[in-house]
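Welcome, and thanks for opening the viewer.

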Amino acid sequence: MQPLAERMRPHTIDDYIGQKHLAGKNAVLRKMIETGNVASFILWGPPGVGKTTLAQIIANTLDLPFFTLSAVSSGVKDVREVIDKARSQGMFAKSGNPILFIDEIHRFSKSQQDSLLGAVENGTITLIGATTENPSFEVISPLLSRCQVYVLNPLENADLLELAQRAISEDIELKKLKIEIKETDALLRFAGGDARKLLNIIELIVNAEPEHAKIIEITNALVTERLQQNPLAYDKDGEIHYDIISAFIKSIRGSDPDAAIYWLARMIAGGEDLKFIARRLVILAAEDIGLANPNALLLANACFDSIHKIGFPEARIPLAETTIYLATSPKSNSAYLSIEQAAAIVEQTGNLPVPLHLRNAPTKLMKDLGYHKGYKYAHDYDEHFVELQYLPDKLLKTRIWQMQDNPQENKMTEYVRKLWKGRY
């Protein structure tokens with residue numbers, strides 16, 4: 001027998017649960033289905049939110065040739081064969097172009113995606129792709145420009161509960177039993193917005209109960225006992241990986257230790273490489289805290305060293321310590337902005353000559369040419385400073401380091417202004 005999730009897959013748009021912005025009244029995909037005018041598009045969203053189901057509803061509803069390919073098992077040869085079949089069948093289709101549905105289209109190589117371009121462009125096929133990864137990164141630009149991208153969201157709790165009640169009351173097997181959902185917190189937490197996962201949980205619980213059970217009560221305790229742990233949605237190579245590390249960095253930059261430590265916990269629970277987290281902390285300490293608190297970089301480096309020595313799970317403690325320290329440190333990006341500014345100047349001005357007095361003169365010829373002439377050794381002067389030209393001639397009036405207003409940089413600014421008079 002088919003799994004519950006497959007048995008409960010809807011066949012019409014009216015039975016479809018969730019994604020009201022796409023499938024609700026007057027929404028774009030519903031309009032496509034109702035009118036039969038289907039344009040090429042890509043469905044982007046996490047697992048279990050209805051991407052494949054929408055494609056199958058189109059196949060069930062519209063009187064069009066419908067072909068499917070899985071990017072996991074198909075190659076360029078398979079694509080060309082399907083396009084040839086679509087071309088021959090399309091000649092007899094009265095209401096529109098044949099539809100090609102490609103599941104996990106992000107797994108297609110560039111050459112495989114290239115093989116679709118002509119057929120999509122000339123209308124041999126209407127392409128529907130499904131992906132859990134950001135199409136901006138995973139789908140080639142020429143193909144992406146020929147398709148509209150529709151984003152599917154994790155299902156709302158209300159949608160999941162509606163689906164659960166429908167399964168209990170309508171499924172050919174479950175309706176034979178007396179099942180009551182007494183508590184929903186654990187069920188919804190473990191499902192995590194994934195319809196397939198929700199139905200799998202219900203099926204697991206029902207199958208684990210003795211056949212003679214008169215009533216099956218789904219409670220938080222029962223769900224937790226059956227599942228043991230919450231398999232978090234975290235793909236270290238996927239979109240959510242980049243989303244969470246982005247939230248982590250932005251929370252530290254925004255001086256919110258609660259948010260920063262939460263996102264750290266999400267990464268650790270998802271099995272993220274601890275060295276990756278530590279590397280990002282080192283970068284952040286220099287880029288976003290920088291001169292406002294130079295100790296931040298020292299602590300971040302110490303954290304990076306320590307996780308190599310102690311490993312998981314204890315390594316999460318120095319990661320947490322460093323995360324909180326960085327989040328609560330004063331912030332400055334003057335060092336980052338300075339190197340960006342300097343790099344731009346180098347790009348614009350090229351190889352400007354080093355002033356002669358700054359060049360070493362290890363040979364007589366170089367001395368005769370004026371190398372090192374006029375150089376003054378700073379330590380020979382009061383306060384270990386003497387005014388001298390250190391920039392190339394063309395950059396004498398150029399300012400690069402723009403100090404920022406924080407106690408540490410204020411001290412540094414006061415010092416250089418004292419030395420350089422009006423320059424800073």
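**Stop 1: Ile13**

Select Ile13 to begin: its relative accessible area is 8%, so it is buried (buried means under 20% relative accessible area, exposed over 50%, and partly exposed in between, with a 1.4 Å probe and protein chains only). Ile13 is found in the loop between H1 and H2; helices (H or I, at least four residues) and strands (E, at least two) are DSSP runs, numbered from the N terminus. Now show what surrounds Ile13: leaving aside residues up to four places away in sequence, it touches Ala23, Arg30, Ile33, Leu54 and Ile57, where contact means heavy atoms within 4.5 Å. Draw a distance between the C-alpha atoms of Ile13 and Ala23 and you will get 6.9 Å, for two residues that are 10 residues apart along the chain.

A word on what you are looking at: this is a predicted model, in which local features need pLDDT of at least 70 and side-chain atom pairs count only at pLDDT 80 or more, while totals for chains, interfaces and linings use all residues. Residues are numbered from 1 along each chain as its sequence is written, and side-chain values use heavy atoms, with hydrogens and water left out.

**Stop 2: Ser115**

Move on to helix H6 (residues 110–121), and pick out Ser115 there. Is Ser115 buried or exposed? Its relative accessible area is 18%, so Ser115 is buried. Follow the side chain of Ser115 to the backbone oxygen of Gln112, which it reaches at 2.5 Å. That is a polar contact: a pair of N or O atoms within 3.5 Å, where within protein one must be able to donate a hydrogen and the other to accept it, and residues adjacent in sequence count only if both atoms are side-chain atoms. Beyond residues up to four places away in sequence, Ser115 touches Val76, Val79 and Ile83.

**Stop 3**

Next, select residues 195–208, which make up helix H11. H11 has 14 residues and reaches 20 Å from its first C-alpha to its last, close to the 20 Å expected at 1.5 Å a residue; the expected span is 1.5 Å times one less than the number of residues. At the N-terminal end of H11, look for the cap: a side-chain oxygen of Asp194 lies 2.9 Å from the backbone nitrogen of Arg196.

Which residues of H11 are buried? Colour Ala195, Leu198, Leu199, Ile201, Ile202, Glu203, Ile205 and Val206. These buried residues pack against helix H1 (4–7), helix H9 (157–170), strand S6 (179–181), helix H10 (185–191), strand S7 (216–218) and helix H12 (220–227).

Step across to H9, which also has 14 residues and a reach of 20 Å from first C-alpha to last, close to the 20 Å expected. Its buried residues are Asp159, Leu160, Leu163, Ala164, Arg166, Ala167 and Ile168. They pack against helix H2 (20–23), S6, H10 and H11.

**Stop 4: backbone details**

Ser255 is partly exposed, at 38% relative accessibility.

Then select Phe312 and Pro313, which are joined by a cis peptide bond with omega about 5 degrees. Pro313 sits in the loop between helix H16 (295–310) and helix H17 (316–327).

**Stop 5: the aromatic cluster**

Finish with Phe385, Tyr390 and Trp420, which form one aromatic cluster. The structure holds 4 aromatic pairs. Show the rings of Tyr390 and Trp420: their centres are 6.4 Å apart and their planes are at 80 degrees, so this pair is edge-to-face. By definition, rings of Phe, Tyr and Trp (its six-membered ring) pair if their centres lie within 6.5 Å, with planes under 30 degrees apart counted as stacked, over 60 as edge-to-face and the rest as tilted. Tyr390 lies in the loop between helix H19 (364–368) and helix H20 (407–420) and Trp420 in helix H20, so the pair ties together parts that are 30 residues apart in sequence. Tyr390 is partly exposed at 39%, whereas Trp420 is buried at 13% relative accessibility.
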